[in-house]
Amino acid sequence: HIGNFRKELKLRCTHMLEILDTYFTGIATWNIPQGGFYIWLKLNKFISMETLFQQALKSNILINPGYIYSFSKNNCIRLSYSYATYDEMDIGLKKLAHIISEMM
């Protein structure tokens, strides 16, 4: 079971990285994880994470602003690829890129 789970996570990660290459190049940078369940996305320009959270939520996208994982405000988002379906990743990240571009 663990071997299959690891393979699926790797496929999901690769899929999300391809989406990021398509929609986020130029507006953000990101890490390429060596494991785990998420990718850290750092926006190239500062925008209000609180406003982004609310705008994303209105579009049925739940994001994890980076500041909830640290003690300081930052311009990062933690994107999880472990639970969303491939279609949800495609649709959600495309919408999120549009929202971020509009806010920048």
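**Close-up of L62 in a predicted model.** L62 touches F53 and L57, where contact means heavy atoms within 4.5 Å and residues up to four places away in sequence are not counted. L62 is found in the loop between α2 and β3; helices (H or I, at least four residues) and strands (E, at least two) are DSSP runs, numbered from the N terminus. At 66% relative accessibility, L62 counts as exposed (buried is under 20% relative accessible area, exposed over 50%, partly exposed in between; 1.4 Å probe, protein chains only). The C-alpha atoms of L62 and L79 are separated by 9.5 Å, with the two residues 17 residues apart along the chain. This is a predicted model, in which local features need pLDDT of at least 70 and side-chain atom pairs count only at pLDDT 80 or more, while totals for chains, interfaces and linings use all residues. Residues are numbered from 1 along each chain as its sequence is written, and side-chain values use heavy atoms, with hydrogens and water left out.

**Close-up of N75.** The loop between β3 (64–65) and β4 (76–80) holds N75. N75 counts as buried because its relative accessibility is 9%. Its side chain reaches the backbone oxygen of K45 at 2.5 Å. Not counting residues up to four places away in sequence, N75 touches L41, K42, L43, K45, F46, I47 and M49.

**Close-up of I100 and the largest nonpolar core.** Of the 27 residues in this core, F24, L52, L96 and I100 touch the most other members. The elements giving two or more residues to the core are α1 (2–23), β2 (38–43), α2 (49–58), β4 and α3 (86–103). A nonpolar core is a set of buried Ala, Val, Leu, Ile, Met, Phe, Trp, Tyr and Cys residues joined through side-chain atoms within 4.5 Å. Leaving aside neighbours within four places in sequence, I100 is in contact with F24, I27, L43, I47, L52 and I77.

Conventions:
A polar contact is a pair of N or O atoms within 3.5 Å; within protein, one must be able to donate a hydrogen and the other to accept it, and residues adjacent in sequence count only if both atoms are side-chain atoms.
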